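Dear colleague,

I am passing on the structure we spoke of, and I would be grateful if you could look through it with the notes below at hand.

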Amino acid sequence: MGQRIQGTEDLYGGYMRSWEHMQDVARHLFGTYGFDRIETPALEQVDTFVHGIGESTDVVRKEMFRVFSGALLDDLLAAGNESGLKPRQRMAMRPEGTAGVVRAAVEHNFVPQGGTPAKLWYAEAMFRGERPQKGRLRQFHQVGVEWLGASDPAADAESIIMLMKFYEQMGFSPANMKLMINSMGDAECRPAYREKVKQFILDHKDQMCEDCLERAEINPLRAFDCKNEGCHAVMKDAPLISDNLCDDCRTHYEQVKAYLDAAGILYIEDPTLVRGLDYYTRTVFEVEIPNAGVGAIGGGGRYDGLVELEGGKPTPGVGFAVGFERIMLALEALGVSAEPAAPSCVYVACAGAEQAPVVFDAVLALREAGIRCEADRTGRSLKAQFKQADKMGAALCVVIGPDEVEAGVVTLRDMESHEQVQVPSDQLVAEVKARQ
């Protein structure tokens with residue numbers, strides 16, 4: 001028997017309704033901010049993620065799922081390497097959403113010279129070769145936004161405000177959330193800062209892990225995000241970006257904070273917050289639920305150089321992503337249910353085979369009116385049909401037997417109060433609608 005792959009989940013029942021609810025919250029809230037939905041392919045060229053996420057990241061180096069057709073895989077095994085592959089043959093499953101959206105924006109010219117900024121949101125499955133554990137899956141789901149073409153610090157602040165409102169509408173109390181912010185500088189001030197951090201790591205190389213020593217040469221700021229406790233302790237004394245920002249980055253950061261203060265958004269400044277992907281510049285932010293045991297449940301930041309890395313003209317950008325599975329785990333830890341109630345239905349019960357055509361017509365009429373409706377199609381007894389109606393959470397049960405057919409009526413049973421009334425058959429739809 002085939003089994004699901006470790007680190008993946010089947011979404012069905014209440015869990016699927018929760019995922020749909022999260023998308024509904026996003027659709028409504030993000031829509032009020034002027035964002036439209038986009039869906040990009042789950043398959044992209046590898047270069048899309050290498051350019052965007054960064055070759056030094058664990059996502060690209062260790063976690064990205066590569067995809068090859070059977071015939072191409074045979075050729076690769078025969079050749080021993082992929083040096084002969086064309087870019088379009090080097091494919092990967094989407095490990096995060098931003099790079100694909102930016103690729104689409106460049107390819108379709110979403111932000112023409114002097115044009116209106118593009119405001120996009122998505123809700124998609126992502127794929128990473130994680131070691132499966134709580135809050136870390138190989139296929140997981142994210143909702144995210146990307147705002148391309150806006151350089152004003154107000155865009156950073158609005159994105160953060162929208163993120164916090166999203167969490168509140170998902171069921172989190174502001175008192176349970178911890179918002180951390182920082183500035184990572186830009187192309188003017190970050191290179192010199194990177195060199196300082198690199199030298200700090202090399203000066204403490206005897207205390208750093210092999211991965212961090214490698215990061216020192218590729219992207220030393222990633223050492224702040226190392227999960228090794230020893231490295232984490234050493235990096236507490238490393239130079240901080242907050243002491244090395246250029247005037248423009250410092251002014252931008254101060255304006256972002258002023259907007260957040262004006263909106264009443266509480267935050268903690270964390271000068272070691274760097275996020276995990278290489279494309280971020282200036283503002284970065286992350287949200288945790290302390291003591292929930294799932295780590296960050298979302299975050300994002302500004303990425304003013306990413307469009308250029310994907311082959312487009314200089315275009316500022318800011319965005320965030322939130323993880324569905326981690327949000328659900330965090331809500332569970334807080335004792336909050338995000339699972340919407342199962343939708344109510346009307347159950348049409350058939351007393352005997354002779355009434356089946358009348359039941360069939362009644363079901364069609366209810367569904368044509370947009371009413372969720374169920375009926376027995378397995379030959380159950382009337383008593384068993386009532387039990388099935390209860391199990392399905394039916395609010396009303398329509399009973400059609402020989403007496404009802406002869407009188408031209410149906411019996412309408414309230415499943416909670418058990419009260420019954422007879423209604424003319426041609427008024428069934430109107431009566432059900434009046435009771436909803």
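This is a predicted model: local features need pLDDT of at least 70, side-chain atom pairs count only at pLDDT 80 or more; totals for chains, interfaces and linings use all residues.

I began with an open sheet of 3 strands, which are arranged in the order β2-β4-β3 with antiparallel pairing. Because β2 (43-45) and β3 (66-67) each have a single partner strand, they stand at the edges, and one side of each is left without a neighbour in the sheet. Between β3 and β4 (residues 91-93), which run antiparallel, there are 2 bridges, and in one of the pairings Val67 has Met91 of β4 as its bridge partner.

The loop between β4 and α5 (98-107) holds Gly97, one of the residues that the unreviewed UniProt entry annotates as "binding site", a list that also includes Thr98, Gln142 and Glu146. Gly97 has a relative accessible area of 1% and is therefore buried, since the cut-off for that class is under 20%. Beyond the residues up to four places away in sequence, Gly97 touches Tyr122, Met126, Gln142 and Glu146.

Glu146, for its part, is placed in strand β6 (residues 139-148), and at 1% relative accessibility Glu146 likewise counts as buried. Setting aside neighbours within four places in sequence, its contacts include Phe35, Gly97, Thr98, Tyr122, Tyr303 and Val318. With Thr98 there is also a polar contact, made between the side chains of Glu146 and Thr98 at 2.7 Å.

How values were computed. Residues are numbered from 1 along each chain as its sequence is written. Side-chain values use heavy atoms; hydrogens and water are left out. Two strands pair if DSSP finds at least two bridges between them. Helices (H or I, at least four residues) and strands (E, at least two) are DSSP runs, numbered from the N terminus. UniProt positions are given in the numbering used here, feature names are shortened, and annotations may be inferred rather than shown by experiment. Buried means under 20% relative accessible area, exposed over 50%, partly exposed in between (1.4 Å probe, protein chains only). Contact means heavy atoms within 4.5 Å. A polar contact is a pair of N or O atoms within 3.5 Å; within protein, one must be able to donate a hydrogen and the other to accept it, and residues adjacent in sequence count only if both atoms are side-chain atoms.
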